[in-house]
Amino acid sequence: MATLHIEHGITDLATWLEAFRRFGPAREKAGVRAQRVHQPVGDENYILVELDFDEVGQAEAFKGFLETQVWSSPEASPALDGTPKARILTEVDAGS
């Protein structure tokens, strides 16, 4: 499994959530198995997203889609504030 971890500033949560929901079909088509959206306590202008995929390649492809089709377009990413940080994570067995 691979997780695409994304974080960035936002200007308005409701506007950002509306845009996030619009890309639900794209996430499903890309192979997203689960998603989590968080905000840091005390910081309403920041968002963290984790998208789980079966394979690293799927996460890499979706990251590329976000970079070239979504984040580069103010119309596609309203309420985005700044440049997103995105990393692909794999789980480490930390033992018991």
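A nonpolar core is a set of buried Ala, Val, Leu, Ile, Met, Phe, Trp, Tyr and Cys residues joined through side-chain atoms within 4.5 Å. I note here that the model I am reading is predicted.

**Entry 1: the core.** I looked up the largest nonpolar core and found 20 residues in it. Leu4, Ile6, Trp16, Leu51, Phe53, Phe62 and Leu66 are the members that touch the most others. Strand 1, helix 1, strand 3 and helix 3 each give two or more residues to this core. I recall that in soluble globular proteins nonpolar side chains tend to be buried together.

Entry 2: I picked Ile6 and listed its contacts, leaving aside neighbours within four places in sequence. Among them are Ile47, Leu48, Val49, Leu51 and Leu66, and also Pro84, Lys85 and Ala86.

**Entry 3: strand 3.** Next I checked how covered strand 3 is, and 6 of its 8 residues are buried. Strand 3 runs antiparallel to strand 1, with 8 bridges joining the two. In this pairing I found Glu50 of strand 3 opposite His5. Strand 2, residues 34-38, is also antiparallel to strand 3 and is joined to it by 5 bridges. Val37 has Val49 in strand 3 as its bridge partner.

Entry 4: I searched the whole structure for cavities of 30 Å³ or more and got 1. The volume of the largest cavity is about 230 Å³. Its lining has 17 residues, and Trp16, Phe20, Leu66, Val70 and Trp71 are the closest to its centre. I sorted the lining by class and counted 14 nonpolar, 2 polar and 1 charged residues. Strand 1 (2-10), helix 1 (13-22), strand 3 (46-53) and helix 3 (56-70) each supply at least two lining residues.

Technical notes. Residues are numbered from 1 along each chain as its sequence is written. This is a predicted model: local features need pLDDT of at least 70, side-chain atom pairs count only at pLDDT 80 or more; totals for chains, interfaces and linings use all residues. Side-chain values use heavy atoms; hydrogens and water are left out. On a 1 Å grid over the protein atoms alone, a cavity is a set of points where a 1.4 Å probe fits but cannot get out, and a pocket is an open set with protein on both sides within 12 Å along at least five of seven lines; lining residues have an atom within 4 Å of a point. Grid points are joined across faces, edges and corners, and a volume is the space filled by probe spheres set on the points. Helices (H or I, at least four residues) and strands (E, at least two) are DSSP runs, numbered from the N terminus. Ala, Val, Leu, Ile, Met, Phe, Trp, Tyr, Cys and Pro count as nonpolar, Asp, Glu, Lys and Arg as charged, and the others, Gly among them, as polar. Buried means under 20% relative accessible area, exposed over 50%, partly exposed in between (1.4 Å probe, protein chains only). Contact means heavy atoms within 4.5 Å. Two strands pair if DSSP finds at least two bridges between them.
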